[in-house]
Amino acid sequence: MALLPILRYPDPRLHTVAKPVSVVDARIKALISDMLETMYDANGIGLAATQIDVHERLIVIDVSEERDAPLVLINPELVWTSEEKHVNEEGCLSVPGIYDSVERYNAVHVRALDGQGQSQMTQADGLLAVCIQHEMDHLVGKVFVEYLSPLKRNRIKTKLIKSQREELRR
Ligand code: K1U
Ligand code: ZN
């Protein structure tokens with residue numbers, strides 16, 4: 001098991017479109033295990049492979065209080081979305097310290113392969129539905145700040161570039 005470095009916005013690699021996973025083999029299983037360890041270590045509720053610079057359609061999520069209910073989604077496809085949308089507060093491990101409101105579908109159904117390569121259907125609402133939509137955006141190179149106004153986005157970009165420069169000087 002290994003902790004993987006998480007790309008930070010505005011790293012251009014976060015805008016890469018991921019390719020489908022062709023086979024759920026030992027390499028993918030090891031990657032899932034490393035991504036779960038990285039997500040738990042960072043106190044996140046989700047992580048997309050894009051965020052660790054692997055451009056394959058793979059997501060890990062755990063929205064449980066006990067942090068003991070991992071969900072693995074490989075090649076996820078949204079097969080149903082609710083008509084209703086809600087605005088929720090979101091954060092992102094690639095955009096540290098920034099939280100803002102994003103509108104998402106209330107509920108979604110997702111078809112994906114699980115960590116053993118078996119097809120599964122997940123019916124989600126609440127925080128799980130929000131997290132699935134946020135992570136699926138990462139797989140198409142979209143970061144949640146892209147839903148915000150250009151003014152807010154540029155402020156966030158400037159702030160994060162400055163804090164990364166300061167970290168390097170330390
Ligand atoms: O970086 C990521 O994609 C993970 C991200 C997932 C997420 C959180 C909140 C809404 C949508 C998606 C995080 O885990 S951010 C850190 C976090 O644990 C958190 C932040 C706000 C609300 C709930 C959890
Ligand atoms: Zn994110």
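A nonpolar core is a set of buried Ala, Val, Leu, Ile, Met, Phe, Trp, Tyr and Cys residues joined through side-chain atoms within 4.5 Å, where buried means under 20% relative accessible area with a 1.4 Å probe and protein chains only. This is a predicted model, in which local features need pLDDT of at least 70, side-chain atom pairs count only at pLDDT 80 or more, and totals for chains, interfaces and linings use all residues. Residues are numbered from 1 along each chain as its sequence is written, ligands are numbered from 1 in the order in which they are written, and side-chain values use heavy atoms, with hydrogens and water left out.

**Exercise 1. Describe the sheet and the helices that lie on it.**

Step 1. Helices (H or I, at least four residues) and strands (E, at least two) are DSSP runs numbered from the N terminus, and two strands pair if DSSP finds at least two bridges between them.

Step 2. On that basis there is an open sheet of 5 strands in the order β1-β2-β3-β6-β7, with antiparallel pairing; its edge strands, β1 (46-48) and β7 (119-125), each pair on one side only.

Step 3. Within the sheet, β2 and β3 are joined over 4 bridges in the antiparallel sense, and Ile-61 stands opposite Leu-71 in β3.

Step 4. Helix α1 (residues 26-41) lies across β1, β2 and β3 and runs at about 40° to β2, whereas α2 touches β1, β2, β3, β6 and β7, its direction making about 120° with that of β7. Contact here means heavy atoms within 4.5 Å, and the angles, on a scale from 0 to 180 degrees, are taken between N-to-C directions of lines fitted to C-alpha atoms, for helices over the stretch in contact.

**Exercise 2. Identify the members and sources of the largest nonpolar core.**

Step 1. This core has 16 residues, of which Ile-59, Ile-61, Leu-73, Val-108, Ala-124, Leu-128 and Ile-132 touch the most other members.

Step 2. Two or more residues come from each of β2 (58-61), β3 (71-81), β6 (107-113) and α2 (126-139), and the largest share, 6 residues, belongs to α2.

Step 3. A second, separate core of 15 residues includes Leu-36, Ala-49, Ile-52 and Val-60.

Methods:
Buried < 20%, exposed > 50% of the residue type's maximum accessible area, 1.4 Å probe, protein only.
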